[in-house]
Amino acid sequence: MADLNGVPWPPDPIQTTRLLLRTPVAADRDGVIELLCSPVATRYLAGPQSRTDVERTMPSTPSGRVGVFTVEANGRFVGTVSFDRRDASRPGHVRTGGLEVEVSYAIVPDEWGHGYAAEAVTAALDWVEGALPGEPVVLCTQTANLASMRVAERVGFVEVGRFEEFDATQWLGVHRPERT
Ligand SMILES: CC(C)(COP(=O)(O)OP(=O)(O)OC[C@H]1O[C@@H](n2cnc3c(N)ncnc32)[C@H](O)[C@@H]1OP(=O)(O)O)[C@@H](O)C(=O)NCCC(=O)NCCS
């Protein structure tokens with residue numbers, strides 16, 4: 001997956017009503033491992049990774065690449081919001097040549113249902129609009145992932161297609177912020 005090299009990084013931390021979005025630090029490592037190894041959190045993604053493997057391979061500061069935000073609530077790690085570029089070789093695009101900015105998000109299961117994902121993704125989309133103005137931002141999520149579909153709708157994604165990947169139907173949305 002191509003990254004977002006070229007955007008100003010690291011960004012200033014982003015404060016929302018309840019959340020702080022910031023670049024990852026070493027203290028986030030346990031939370032990131034929890035997300036990657038949780039069968040619940042990875043149900044509509046690639047499935048859980050082996051904790052032994054992840055513990056062995058993850059650097060002391062996780063996810064240090066451009067485009068990855070840690071989401072913090074009340075001083076605790078609650079999830080991540082990430083931006084990548086969507087490889088042209090994969091299905092699901094809104095422009096010829098692909099490499100659209102693609103957002104993904106995950107909240108630790110104990111923190112689901114508080115509106116954290118919608119609040120964090122909204123703030124992250126504001127940031128990316130400033131960092132890469134005018135670029136379409138896409139989101140792909142399994143249609144079976146009803147919570148994610150709801151988050152997509154709430155933060156302003158509109159459906160532009162569906163396709164099959166990883167033996168599942170995927171929803172392709174593009175973000176079109178309202179302009180006045
Ligand atoms: C998707 C995910 C990020 C949502 O996190 P969250 O903080 O609980 O999300 P929010 O509270 O902001 O919003 C969830 C919405 O889905 C709704 N929802 C939750 N479960 C639902 C279900 N089974 N059916 C329908 N709607 C559901 C909630 O009611 C809420 O909608 P509302 O605000 O209108 O009430 C979280 O479930 C997650 O981390 N999943 C694993 C990772 C993942 O699948 N990411 C998506 C791929 S990018």
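A: Let's start with Glu165, which lies in strand β7, residues 157–165. Helices (H or I, at least four residues) and strands (E, at least two) are DSSP runs, numbered from the N terminus. The model is predicted, so local features need pLDDT of at least 70 and side-chain atom pairs count only at pLDDT 80 or more, while totals for chains, interfaces and linings use all residues. Residues are numbered from 1 along each chain as its sequence is written, and side-chain values use heavy atoms, with hydrogens and water left out.

Is Glu165 buried or exposed? Its relative accessible area is 12%, so Glu165 is buried (buried means under 20%, exposed over 50%, partly exposed in between, with a 1.4 Å probe and protein chains only). From Glu165 to Pro13 there are 152 residues in sequence and 34 Å in space, C-alpha to C-alpha.

Asp167 has a positive phi of about 60° although it is not a glycine. Most residues other than glycine have a negative phi, and most peptide bonds are trans. With 86% relative accessibility, Asp167 counts as exposed. Leu99, in the loop between β4 and β5, also has a positive phi of about 60° without being a glycine. Leu99 is partly exposed, at 35% relative accessible area.

Another glutamate is Glu119, found in helix α3. Glu119 is buried too, with a relative accessible area of 17%. The side chains of Glu119 and Thr16 are joined by a polar contact of 2.7 Å (a pair of N or O atoms within 3.5 Å; within protein, one must be able to donate a hydrogen and the other to accept it, and residues adjacent in sequence count only if both atoms are side-chain atoms).

The ligand is the next stop. Among the 21 residues around it, Ile107, Gly115, Asn145, Arg150 and Arg154 come nearest (near means having a heavy atom within 4 Å). Helix α4 gives the largest share of this shell, six residues. An oxygen atom of the ligand is 2.8 Å from a polar backbone atom of Gly113, and a backbone N or O atom of Ala117 lies 3.0 Å from a ligand oxygen atom. A polar side-chain atom of Trp112 is 3.4 Å from an oxygen atom of the ligand.

Finally, step back to the chain, which has four helices and eight strands. Along the sequence they follow the pattern β-β-α-α-β-β-β-α-β-α-β-β. Of its 180 residues, 48% count as buried. The C-alpha trace spans about 40 × 35 × 30 Å along its principal axes.
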